[in-house]
Amino acid sequence: MGLPLEQRRYTIAEYLELEEKSEVKNEFHDGEILAMAGGSYSQSRIIMNLGLAAGMRLKGSSCFMLESNMRVRVGKRLNYLYPDANIVCRKPEFDPDDIKQTTITNPRVIFEILSDSTERYDRGEKFSLYRDIDSMEDYVLVSQSTAMVETYSRQKDGAWRIAVYQGLAAVAKLPSVSIELPLAELYIGVDLVEK
């Protein structure tokens with residue numbers, strides 16, 4: 001998570017107006033605007049590989065991929081976040097406060113690519129916020145440095161079940177959209193650290 005732009009509170013309208021003109025992405029947390037950290041080559045490759053792999057497997061279904069330029073609003077809360085990628089099923093629902101339709105409210109799957117600077121935030125506060133999105137059924141964390149994907153799947157009782165997939169031979173399962181993602185496809189062109 002980044003640093004606040006200014007030490008003052010912003011309205012949603014002010015944030016959306018600033019974000020429309022901004023050259024960098026900023027998250028909105030209950031009146032506070034926070035600059036996001038920049039990405040890396042590995043992160044960019046993984047996001048593109050993920051889009052291709054998941055996109056092909058979703059073809060013909062009512063679900064589709066969106067990349068990191070589409071913001072997500074957390075339920076009725078005053079939080080706007082930029083996931084690295086997400087999957088929406090059926091018709092996208094746009095935030096009524098965002099007339100430009102640059103913010104959705106109904107992702108089914110959210111992906112975050114972990115980095116040293118974001119891992120703690122992605123696993124902690126950001127996941128806590130995402131859990132308030134009623135439509136989200138799978139939260140997927142993808143390591144940048146080793147072949148590892150963790151999926152958190154919402155159960156009928158509201159609990160979250162974790163599954164860990166390790167190694168290039170592993171295949172991650174996303175139950176809410178009925179697809180499987182071979183890790184070998186996600187890490188094409190990425191230099192990995194052996195464990």
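Where does aspartate 30 lie? Aspartate 30 is in the loop between strand 1 (26-29) and strand 2 (32-35). The model is predicted.

**Positive phi angles**

- Most residues other than glycine have a negative phi.
- Aspartate 30 has a positive phi, near 50°, and is not a glycine.
- With a relative accessible area of 45%, glutamine 101 is partly exposed.

**Aromatic pairs**

- The model has eight aromatic pairs.
- One of them joins tyrosine 15 and tyrosine 80: the ring centres are 5.5 Å apart and the planes meet at 45°.
- Tyrosine 15 belongs to helix 1 (residues 12-21), and tyrosine 80 to strand 5 (residues 79-81). The pair therefore ties together parts that are 65 residues apart in sequence.
- Tyrosine 15 is buried, at 0% relative accessible area.
- Tyrosine 80 is buried too, with a relative accessible area of 0%.
- Tyrosine 130 and tyrosine 139 form a further pair, with ring centres 5.4 Å apart. Their planes are at 55°, so this pair is tilted.
- Both tyrosine 130 and tyrosine 139 are buried.
- These two tyrosines belong to one aromatic cluster, together with Phe127, Tyr152 and Trp160.

**Charges over rings**

- Arginine 131 lies over the face of phenylalanine 127, 4.6 Å from the ring centre. Phe127 is itself a member of the aromatic cluster.
- Arginine 8 places its charged end over the ring of tyrosine 10. The distance to the centre of that ring is 4.0 Å.

**The largest pocket**

- The volume of the largest pocket is about 520 Å³.
- Its lining has 27 residues, and the closest to the pocket centre are Met36, Ala37, Gly39, Gln43 and Asp84.
- Which elements each supply at least two residues of the lining? They are helix 2 (41-58), strand 8 (107-114) and helix 3 (119-123).
- Helix 2 gives the largest share of the lining, with four residues.
- By class, the lining is made up of ten nonpolar, ten polar and seven charged residues.

**Tyrosine 41 in helix 2**

- Tyrosine 41 is placed in helix 2, the element that gives the largest share of the pocket lining.
- Is tyrosine 41 buried or exposed? Tyrosine 41 is exposed, because its relative accessible area is 55% and the exposed class starts over 50%.
- The side chain of tyrosine 41 makes a polar contact of 2.9 Å with the side chain of arginine 45.
- Tyrosine 41 and alanine 54 are 13 residues apart in sequence. From C-alpha to C-alpha, 20 Å separates tyrosine 41 and alanine 54 in space.

Technical notes
Residues are numbered from 1 along each chain as its sequence is written. This is a predicted model: local features need pLDDT of at least 70, side-chain atom pairs count only at pLDDT 80 or more; totals for chains, interfaces and linings use all residues. Side-chain values use heavy atoms; hydrogens and water are left out. Rings of Phe, Tyr and Trp (its six-membered ring) pair if their centres lie within 6.5 Å; planes under 30 degrees apart count as stacked, over 60 as edge-to-face and the rest as tilted. Buried means under 20% relative accessible area, exposed over 50%, partly exposed in between (1.4 Å probe, protein chains only). A charge sits over a ring if NZ of Lys or CZ of Arg is within 6 Å of the ring centre and within 35 degrees of the ring normal. On a 1 Å grid over the protein atoms alone, a cavity is a set of points where a 1.4 Å probe fits but cannot get out, and a pocket is an open set with protein on both sides within 12 Å along at least five of seven lines; lining residues have an atom within 4 Å of a point. Grid points are joined across faces, edges and corners, and a volume is the space filled by probe spheres set on the points. Ala, Val, Leu, Ile, Met, Phe, Trp, Tyr, Cys and Pro count as nonpolar, Asp, Glu, Lys and Arg as charged, and the others, Gly among them, as polar. A polar contact is a pair of N or O atoms within 3.5 Å; within protein, one must be able to donate a hydrogen and the other to accept it, and residues adjacent in sequence count only if both atoms are side-chain atoms.
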